[in-house]
Amino acid sequence: MASTNDLKNGMVLDLDGQLWSVVWFQHHKPGKGNTVVRTKLKHVLSGKVVDKTFNSDTKVDTASVDRRDMQYLYHDGSGFVFMDTSTYEQVTISDETVGDAKNYLLEEQVATVAIHEDNPLYIDLPASVELLITYTEPGLQGDRSTGGTKPATLETGLQIQVPLFITNGEKVKVDTRTGDYLGRVA
């Protein structure tokens, strides 16, 4: 239990059995009435963001979320197998929990796994990853006022848009939040 006066960014709250992460908070003293705490909360599993206002000194349940660095080993058909880099313990995480992160995961890559009561909640990847282009059509220059793009398939199977000068076998940097091409890797 914690008071709303003790809130910090990144703290995870257990509200009505659901986990919410504090994105932003502000203590507000209106002209009349009691002090309130305005917050912006992000649902840990769905990513939904809501605004919620608490009275000052309200007690809220906090949840302990353990963030561990784990190395992705392989996909065994039923889920993704990760190894805790400190204890060497292997954990299988379901496809639903991994979600879109699977488009950026390579074997032996390290990612942060958030765990609450021995249940993996989500995979936290770095902001960008370097992946190999396995297939893309040759780029043709034509009459255009801005640079064109073409589809390219990455080694994870994800298809993204890249500039026309990118060829097969090149490594590119990809934003893991949006799936956008960020640049070539030398």
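In this predicted model, the count of aromatic pairs comes to two. Both are listed below.

| Pair | Centre-to-centre distance | Angle between planes | Class |
|---|---|---|---|
| Tyr72 and Phe80 | 5.6 Å | 50 degrees | tilted |
| Tyr72 and Phe82 | 5.5 Å | 50 degrees | tilted |

The pair of Tyr72 and Phe80 is classed as tilted because its planes stand at 50 degrees, and planes under 30 degrees apart would count as stacked, over 60 as edge-to-face. Tyr72 is buried, with a relative accessible area of 7%. Phe80 also counts as buried, at 7% relative accessibility.

The pair of Tyr72 and Phe82 has its centres 5.5 Å apart. Tyr72 belongs to strand β7 (residues 66-75) and Phe82 to strand β8, so this pair ties together parts that are 10 residues apart in sequence. Phe82 is buried, as is Tyr72. Through these ring pairs, Tyr72, Phe80 and Phe82 are linked into a cluster.

The backbone is considered next. Most residues other than glycine have a negative phi. Tyr88, which is not a glycine, has a positive phi of about 65 degrees. Tyr88 sits in the loop between β8 (80-84) and β9 (90-93). With a relative accessible area of 59%, Tyr88 is exposed, because exposed means over 50%.

Glu117 likewise has a positive phi, near 50 degrees, and is a residue other than glycine. The loop between β10 (110-116) and β11 (119-124) holds Glu117. Glu117 is exposed, its relative accessible area being 63%.

Notes
Residues are numbered from 1 along each chain as its sequence is written. This is a predicted model: local features need pLDDT of at least 70, side-chain atom pairs count only at pLDDT 80 or more; totals for chains, interfaces and linings use all residues. Side-chain values use heavy atoms; hydrogens and water are left out. Helices (H or I, at least four residues) and strands (E, at least two) are DSSP runs, numbered from the N terminus. Buried means under 20% relative accessible area, exposed over 50%, partly exposed in between (1.4 Å probe, protein chains only). Rings of Phe, Tyr and Trp (its six-membered ring) pair if their centres lie within 6.5 Å; planes under 30 degrees apart count as stacked, over 60 as edge-to-face and the rest as tilted.
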